[in-house]
Amino acid sequence: MPPDSDKPRGLTRRELVRVLGTSVGLACLTPLAGCGSFWERQTAIPVDSWHKGVCRFCGTGCGVMIGLKDNKVADVKGDDDAHNRGRLCIKGLATRDILYSEGRALHPMIRKNGELQPASWDEAMTLVARRFKDAIQANGPDSVAFYGSGQLYTQESYTANKLFKAGIGTNNVDGNPRLCMASAVTGYTTTFGKDEPAGCYEDIDHAECFFITGSNTLECHPIIWERVRDRKRSHPATKIILVDPRKTPTARHVDLHLPILPGTDVSLYNAMIHVFLEENFIDADMVEHYLSFQEGEQKRTFDDFTRHIAKYEPETVAKTCGVTAQDIREAAFLFASSKATLSLWTMGLNQQVQGTASNRLVSAMHLLTGHFGRPGATPFSLTGQPNACGGVRDTGSLAHALPNGRLVANPKHREEMEDLWNVPRGRISPKPGHHTVALFDAMNRGAVKCCLVMCTNPGQTLPNVTAYREGMEKTFLVVVDTFYPTETTKFADVVLPAALWVEKEGVTGNAERRYHLYPKLVDPPGEARSDLEILVDLATRLGYGDLIAARTPRDVWDEWRKVSAHSQYNFEGITYERLQKERGILWPCPTETHPGTKRRYVPGQDPMASGTGRFDFYGKPDGRAVVWLDHQEEPLDLYSDEYPLIFNTGRILEHWHTMTITGQAPTLKDIHPDYLEIHPYDAHRLKITDGDPVIVKSRRGEVELRARLSDIVRPGMVFATMHSARHLINQSTHDAHDPFSKQPAFKRCAVSVRTKTV
Ligand SMILES: Nc1nc2c(c(=O)[nH]1)N[C@H]1C(S)=C(S)[C@@H](COP(=O)(O)OP(=O)(O)OC[C@H]3O[C@@H](n4cnc5c(=O)[nH]c(N)nc54)[C@H](O)[C@@H]3O)O[C@H]1N2
Ligand SMILES: Nc1nc2c(c(=O)[nH]1)N[C@H]1C(S)=C(S)[C@@H](COP(=O)(O)OP(=O)(O)OC[C@H]3O[C@@H](n4cnc5c(=O)[nH]c(N)nc54)[C@H](O)[C@@H]3O)O[C@H]1N2
Ligand code: SF4
Ligand SMILES: [Mo]
C-alpha cells in the first residue's frame with residue numbers, strides 16, 4: 001500500500017540514487033539532470049531464458065526483454081529491436097519486481113456482515129451471476145454496468161464490450177479512458193471522422209520543430225522524450241516549444257516555454273493561427289482541396305474562419321493566456337516556418353472543459369500550415385495507458401461507441417455489429433450508455449444496481465470523488481484487481497483476484513497504433529485468474545456462453561481482427577504468428593504481407609486511402625478534414641476571495657496513478673508524492689513555510705498535504721499529484737466535463753490553501 005506519508009516526503013531523487021547506487025538510480029536521475037540518455041541497464045542477474053514482451057505501464061508501449069529464472073521473472077531490460085531502442089524508464093525497470101510485491105490479491109472475497117471474507121471462485125461467481133441476473137430481470141439491462149480500463153488487454157475489453165452490448169443488451173460500458181483520452185477521441189473524430197493519431201514515433205526522428213502542450217513528457221512519457229532529445233542532439237537547430245502552466249522538468253530543456261494560465265489553450269491556438277494568417281503561412285492547396293470549415297452544426301467558409309480568427313490577435317489574447325504577445329508570435333513562427341513540425345500533447349488539453357476544442361485546434365494548426373502526413377509533420381496525441389488506444393478506443397468499449405469507430409446512435413453501425421456478432425437485429429440498444437461521471441451518478445440515484453469494475457480504481461481517481469462514494473456503497477460492486485486492498489475495494493461486495501502483466505497473455509495497442517503481444521510467462525499467484533477467464537466465466541453463468549465462444553486470447557484476437565476487416569481500421573493482416581515474431585505492427589494492415597501503416601490518410605502509404613491527391617480524409621464523406629471555429633469560453637470554477645488559487649493535478653516520474661503497483665516496488669516505494677507545490681510568493685503571503693502541513697480546500701472538499709515551496713508553479717496556482725491514497729486530492733477536484741467528450745476537467749479548480757494549525 002502507499003507509503004506512510006507522515007514521514008517528511010521520504011527520499012529525494014538524489015538520495016534514491018545514493019541508496020540504489022546502481023544504474024537504476026541513474027536511469028531515474030539522468031533525464032532530470034538533462035544529460036545524455038542512460039536508460040539502458042547493464043544487468044548481471046543470471047537468467048535461464050529471455051523473452052520478448054512489452055512494458056505494462058504507459059502508452060509509450062516500450063519493448064522489454066524479460067529474463068526468467070526458476071519460472072520467475074528475474075530481470076527485465078529494454079528490447080534493442082523495439083522502437084524504444086533498448087531503453088526503459090524507472091517504471092519499466094521496476095516491472096521486474098511488481099509481480100512479487102506484497103499486497104497481491106490472492107483469492108476471491110465476499111462481503112459478509114460488513115467484512116470482506118475469503119470465498120471460493122464458485123461461490124463468488126455464483127453470487128455475482130445471481131445478482132446481475134436479478135437486477136436485469138427486475139430493472140432491465142440498463143440497471144447493470146461495466147467500468148473498465150485502458151490497462152486491460154484488448155481481448156478483455158473486446159469480450160466485456162460484446163458481452164454487455166450484444167449479450168445483456170446495455171451500452172453501460174465505460175472506463176477510465178473517459179478520464180484520460182476522451183477529448184483526444186472527439187478531437188480526432190470531429191476533425192478526421194476517425195479516431196487515433198495519423199503519425200508514428202518515427203516522425204520524431206524527422207521533426208524540426210516540436211510543439212509540446214499540456215504534456216510533461218519527460219516524466220510521463222520518458223522514452224518518447226528521450227527520442228525527442230536524440231533528435232535535438234543530432235540536429236541542434238531543432239526547436240522545442242512547450243505550453244504548460246508549470247515549469248516542469250520538461251520545461252528545462254526547451255527553447256521556448258509559454259507558461260499559460262490554465263484553461264486558456266483555445267485562445268492561444270487561435271492566436272497562433274492569427275499569426276499564420278497574418279504572415280501568410282497558410283497552405284492554400286490544403287484550404288482549397290482538403291479542408292472544410294465548421295462552427296457548431298453550421299458549415300462555414302475560409303473567409304468566415306478568417307473573420308473569426310481576427311478576434312484572436314496575440315496582443316489581445318496575451319492577457320487572457322498570461323504570456324506575452326511576442327512569445328505567442330515566436331511560437332507561431334517556429335511552428336509554421338519549420339520544415340516539419342510535430343505536436344505532442346496529453347492531459348493538459350484533454351482534462352479541460354474545452355478539451356475537444358483544444359484538441360482539434362492543434363490538428364487545425366497542422367492542417368492549415370500543411371504540417372501533416374510528411375515525415376516529422378503531424379499532430380500526435382500521446383496516450384496515457386498501455387491499451388487505451390488498442391483496447392478501449394479501437395474496440396469501442398465506451399458508452400456511446402461500437403467497434404472500429406462505429407457509434408451506438410447510428411442505426412447502420414448497430415446493424416453492422418449485430419451481423420458481425422451474429423445476434424438478432426435490434427439486440428444492441430439504440431440508447432447510449434452512461435459515460436463515467438453519469439454512471440457513478442446513476443449509482444448514486446440507485447438506477448444502476450450492479451457494476452463490474454475491472455482493472456481500475458475509481459474510489460480514488462474519479463473527480464469530486466466523495467460525491468460518488470455513496471453510490472459505490474449502495475451498488476452491488478464487483479471489483480477485479482491485482483492488488484488488495486484499494487480505495488475501491490472498500491466499497492466492493494465481491495473482490496476477485498486478477499493475474500498481472502505476464503501472468504496472462506494478451507495484445508495491447510500503443511499511442512502510435514502499434515498492436516503488440518504480451519506473452520504469458522509465469523503463473524499468477526494464489527488463485528488469481530486472468531480478466532478474460534473471469535469474463536468468460538461470467539458470460540457462461542449469465543447464459544451467453546454461445547455468444548462468448550472465443551475463450552482464449554488467440555481465439556478472441558482472431559475474431560476481433562476479422563471484425564476489423566469490415567472497417568477503415570482494417571488489421572486483418574496482423575495475425576497471431578506475426579505478433580509472436582514481430583515487434584508489433586501499426587494498423588491499418590489489411591493483409592498478412594502488408595508491413596503496417598506509418599502515416600494515415602496519405603494515398604500510397606495508407607491502404608485505406610484512395611486517389612492520387614496529397615490526402616484522402618476517408619473518415620469524412622467529402623474526403624475533407626474539418627477545421628473548427630471554436631471560441632474561448634470563460635474558464636471553469638472561477639476563483640474568488642474565498643478560493644483565490646488555481647489547483648492543478650497530475651503525475652511524477654516514479655509513480656503510476658494510485659500507486660497500487662509502484663507504491664510497493666522496492667525501488668520506488670520511498671518516493672513520497674504527498675506534497676503541494678506552491679510558489680514562494682504565495683507561501684509568503686499565506687505565511688506557509690516549506691514542509692508545513694496545509695489544507696487545500698475547494699468548493700467540494702478539502703485535502704491535507706505538505707507544502708513544497710517551488711517556482712515550478714506560477715504564483716496564483718498550486719499543484720498536487722494524484723498518486724497517494726492517504727491524501728485523496730480528488731476530494732477537491734471538479735467533476736464538470738467537456739460537453740462533447742464528457743471528459744472531466746481535472747486540471748483546473750479554485751481552492752484556498754492554509755496551514756493546518758490556522
Ligand atoms: N510517471 C508516470 N507516467 C505516466 C502516468 C503516471 O501515472 N505516472 N500515467 C499515464 C497516463 S494514464 C497519462 S493520462 C499520462 C499523462 O501525462 P501528462 O498529461 O503529461 O501528465 P499530467 O501530469 O497529468 O499533466 C500534464 C501537464 O498538463 C499541464 N497543464 C495543466 N493545465 C493546463 C492547461 O490549461 N493547458 C496546458 N497546455 N497544460 C496544462 C500540467 O501543468 C502538467 O504538467 O501519463 C502516462 N504516464
Ligand atoms: N486528480 C486527478 N485525477 C485523475 C487524473 C489526474 O490527472 N488528476 N488522471 C485521470 C487519468 S488520465 C487516468 S488514466 C485515471 C487512472 O485511474 P485508475 O485506472 O483508477 O488508476 P490505476 O491506479 O491505474 O488503477 C488500475 C487498477 O488496476 C489494477 N490492475 C493492474 N493491472 C491489472 C490487471 O491486469 N487486471 C486487473 N483486474 N487489475 C489490474 C491496479 O492494481 C489498480 O488498482 O485517473 C484519472 N484521475
Ligand atoms: S516510458 Fe512508459 S512504456 Fe516505456 S518503460 Fe517507461 S513506463 Fe514503460
Ligand atoms: Mo490517463
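Which residues does Thr 733 touch, not counting residues up to four places away in sequence? The legends below begin with this residue. The model is predicted, with local features requiring pLDDT of at least 70 and side-chain atom pairs pLDDT 80 or more, while totals for chains, interfaces and linings use all residues. Residues are numbered from 1 along each chain as its sequence is written, chains are lettered from A and ligands numbered from 1 in the order in which they are written, and side-chain values use heavy atoms, without hydrogens and water.

View 1. Strands (E, at least two residues) and helices (H or I, at least four) are DSSP runs, numbered from the N terminus. Thr 733 touches Pro 463, Asn 464, Phe 647, Thr 649, Arg 700, Phe 746 and Cys 749; contact means heavy atoms within 4.5 Å. Thr 733 counts as buried because its relative accessibility is 1%, buried being under 20% relative accessible area (1.4 Å probe, protein chains only). Its side chain makes a polar contact of 2.7 Å with that of Asn 730. A polar contact is a pair of N or O atoms within 3.5 Å; within protein, one must be able to donate a hydrogen and the other to accept it, and residues adjacent in sequence count only if both atoms are side-chain atoms.

**View 2. Residues around ligand 2.** Asn 176, Asn 457, Thr 461, Asp 481 and Thr 658 come nearest among the 34 residues around this ligand, each residue having a heavy atom within 4 Å of it. An oxygen atom of ligand 2 is 2.7 Å from a side-chain N or O atom of Asn 176. For Thr 461 the corresponding distance is 2.7 Å, and for Trp 656 it is 3.3 Å.

**View 3. Helix α12 (residues 314-321) and its buried residues.** Pro 314, Val 317, Ala 318 and Cys 321 are buried in α12. They lie on the same side of α12 because they cover an arc of only 120° around the axis, taken from the directions from the helix axis to the C-beta atoms. Their cover includes α9 (265-278) and α13 (325-337).

**View 4. The shell around ligand 3.** Among the surrounding residues are Cys 55, Cys 58, Cys 62 and Cys 89. Helices α3 (90-98) and α8 (222-234) are the elements that give two or more residues to this shell.

How values were computed:
Buried < 20%, exposed > 50% of the residue type's maximum accessible area, 1.4 Å probe, protein only.
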